[in-house]
Amino acid sequence: MAATAKSPRVKALVAGNWKMNGLKASRKEVTALAKRLAKGKRASCDVLICPPATLVGLLKEAAKGSKIAIGGQDCHAKPSGAHTGDISAEMLKDAGASHVIVGHSERRADHGETDAVVRAKAEAALRAGLVAIVCVGETEAQRDAGETLTVIGTQLAGSLPDAATAKTVVVAYEPVWAIGTGRTPTADDVAKVHAAIRAALKKRFRGEGEAMRILYGGSVKPSNAAELMAVPNVNGALVGGASLKAEDFYGIIGAYQA
């Protein structure tokens, strides 16, 4: 475990985003992961799986008695109403979720979500008693133009609720160009962005900003997890495809096993 990279005030979180994947049969992966976590070396991180909303209740039951928390992938800003097809933060909470991802780049791109929309959803999560995982990240064009830190700073300013605390909000940095592509930034690149995020959080939220978790996401897999998780100000990972299989996800969690 790379203890030197973590502030003693910040416990790491390894979260899996299943995206639009998973059926009832996927319950076996959660059961298998729970067994591995119970039998393996003790991990010094929290573990979270965010499946499609149809599986939140089922996987909550499958994870019962284990160290695995269950979250949602998105929520509506309103608690209820005439919003066909949407799911409120309160509904996720009622189904057993403890967290919800908001502002993922795929939501921003596919559904045109602005920073203001993401902020409203994060505020809804806090209202319902969920932890909001707020995603930020630059596109390849923005990276090539040298705009990474400007883009991230703007997204943070516009997407995070004023009431955010270390217990209620997690920030996830996911360079859009690295998500699902197999490409990853260098450790130095990640360190630079995470340092900038930490500085912005501390400036706005002071002590709370110092203790907020900052996750890295973007082609995280067992083979690179240890290196990425050892980067300063990286307090865990937001994992995509590699979280779908218990063995792969356990391999990433292994970066935090003593």
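1. Before the helices, a word on how they are described: axes are lines fitted to C-alpha atoms, for helices over the stretch in contact, and angles run from 0 to 180 degrees between N-to-C directions. Helices (H or I, at least four residues) are DSSP runs, numbered from the N terminus. With that in hand, H7 and helix H8 (residues 187-205) have axes that come within 10 Å and cross at roughly 35°.

2. Keep in mind that this is a predicted model, where local features need pLDDT of at least 70, side-chain atom pairs count only at pLDDT 80 or more, and totals for chains, interfaces and linings use all residues. Residues are numbered from 1 along each chain as its sequence is written, and side-chain values use heavy atoms, with hydrogens and water left out.

3. Back to H7 and H8: the crossing is right-handed (the near helix is turned clockwise from the far one by less than a right angle). On the H7 side, Thr148, Leu149, Ile152, Leu156 and Ala157 meet Lys192, Val193, Ala196, Ile197, Ala200 and Arg204 in H8; contact means heavy atoms within 4.5 Å. By class, that contact has 8 nonpolar, 1 polar and 2 charged residues (Ala, Val, Leu, Ile, Met, Phe, Trp, Tyr, Cys and Pro count as nonpolar, Asp, Glu, Lys and Arg as charged, and the others, Gly among them, as polar).

4. H7 (residues 148-159) also packs with H5 (residues 115-128), at an angle of about 45° and with the axes 7 Å apart. The two are therefore oblique to each other (angles under 35 degrees count as roughly parallel, over 145 as roughly antiparallel, 65 to 115 as roughly perpendicular and the rest as oblique). This crossing of H5 and H7 is right-handed too. Asp115, Ala116, Val118, Arg119 and Ala122 in H5 meet Thr154, Gln155, Ala157, Gly158 and Ser159 in H7, and the contact counts 4 nonpolar, 4 polar and 2 charged residues.

5. Now the open space. The largest pocket holds about 480 Å³ (on a 1 Å grid over the protein atoms alone, a pocket is an open set with protein on both sides within 12 Å along at least five of seven lines, and lining residues have an atom within 4 Å of a point). Its lining has 20 residues, with Lys19, Gln73, Asp74, Arg107 and His111 nearest the centre. Helix H4 (residues 105-110) gives the largest share of that lining, 3 residues. By class, the pocket lining has 8 nonpolar, 6 polar and 6 charged residues.

Key: 1 Å grid on protein atoms, 1.4 Å probe; cavity = no way out; pocket = protein on both sides within 12 Å on 5 of 7 lines; lining within 4 Å. Points joined across faces, edges and corners; volume = space filled by probe spheres on them.
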